[in-house]
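Dear colleague,

Please find the structure below, handed over for your review. My findings follow it.

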Amino acid sequence: TPDPLWSRGLGDVYKRQTLTWLKGSMILIILRWEEKKLNNFIAEVKDEFELENKFWEADGCKNDEPTEALKLFKEYLVNEENRVKDPNKQRLEHEEVGSLRFHALQEVILLSNNFKQYEDMLTNYQLLLDFLPNVTRNERSSAISNIISSLSANSSSKLVGQERDHEIVMKIYEMTLAVLEESNIDSSLTFSTKKKLGMLYLEKKDYPKALSIARELHQMCKVN
């Protein structure tokens with residue numbers, strides 16, 4: 001007949017061995033989980049570093065190699081979009097990318113305009129307008145001013161296609177004012193944009209439209 005004390009002692013040994021194994025397994029699982037999280041973090045940081053490098057590579061060659069710069073800026077935007085959509089990434093918002101996305105869009109717009117790629121330019125311009133609330137007032141004003149000035153320079157030139165350029169400029173004004181007035185994020189930028197539009201109408205001797213803009217500006221002054 002087995003000794004009850006011996007059986008109980010052997011059972012305690014088995015229990016302790018089982019508990020020790022469970023603790024060891026749990027520690028191993030935790031360590032592997034932490035290692036996986038660390039590896040994911042390192043991979044994410046590497047991706048962000050490579051993404052930012054692509055932006056600066058494009059920015060560095062935009063004057064001497066505009067075609068290559070346009071290609072790289074577009075690649076940056078595609079990669080950034082994919083990163084934002086990745087469910088495994090912690091950062092899931094464009095806003096957290098900072099102003100690089102905004103500046104990349106601006107460069108794509110300006111370069112696309114230089115190459116007369118108007119449809120692509122307008123598509124990216126709408127993306128830039130949608131992003132206006134997420135950048136500073138100075139960034140908004142600088143981007144809109146640079147884009148409108150660049151397009152207006154083409155429109156006022158005597159080159160072939162001037163009429164088409166003018167249509168694009170008017171479309172840009174229309175898109176810009178629609179977003180600014182709807183969002184009401186920057187009354188100063190809205191006013192300055194309308195003022196430039198009024199000056200353009202005056203330059204083109206479209207006096208009825210110039211007068212209409214002048215009245216709108218006068219009303220804005222009274223309200224503000």
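Is Glu216 buried, partly exposed or exposed? Glu216 counts as partly exposed, at 31% relative accessibility; buried means under 20% relative accessible area, exposed over 50%, and partly exposed in between (1.4 Å probe, protein chains only).

Please note that this is a predicted model, in which local features need pLDDT of at least 70 and side-chain atom pairs count only at pLDDT 80 or more, while totals for chains, interfaces and linings use all residues. Residues are numbered from 1 along each chain as its sequence is written, and side-chain values use heavy atoms, leaving out hydrogens and water.

The side chain of Glu216 forms a salt bridge with that of Lys194 (2.5 Å, N to O); the term requires a side-chain nitrogen of Lys or Arg within 4 Å of a carboxyl oxygen of Asp or Glu. This pair links helix H8 (residues 207-223), which holds Glu216, to helix H7, which holds Lys194, across 22 residues. Helices are DSSP runs (H or I, at least four residues), numbered from the N terminus. Lys194 is buried, with a relative accessible area of 8%.

Glu181 also meets Lys194 in a salt bridge (2.8 Å, N to O). Here Glu181 lies in helix H6 (residues 162-183) and Lys194 in helix H7 (residues 187-203), 13 residues apart. Glu181 is partly exposed, at 43% relative accessibility.

Elsewhere, Lys62 and Glu107 are joined by a salt bridge (2.9 Å, N to O). Lys62 is in the loop between helix H1 (4-61) and helix H2 (66-85) and Glu107 in helix H3, so the pair ties together parts 45 residues apart in sequence.

In total, the structure holds 15 salt bridges.

Yours sincerely

Technical notes: Helices (H or I, at least four residues) and strands (E, at least two) are DSSP runs, numbered from the N terminus.
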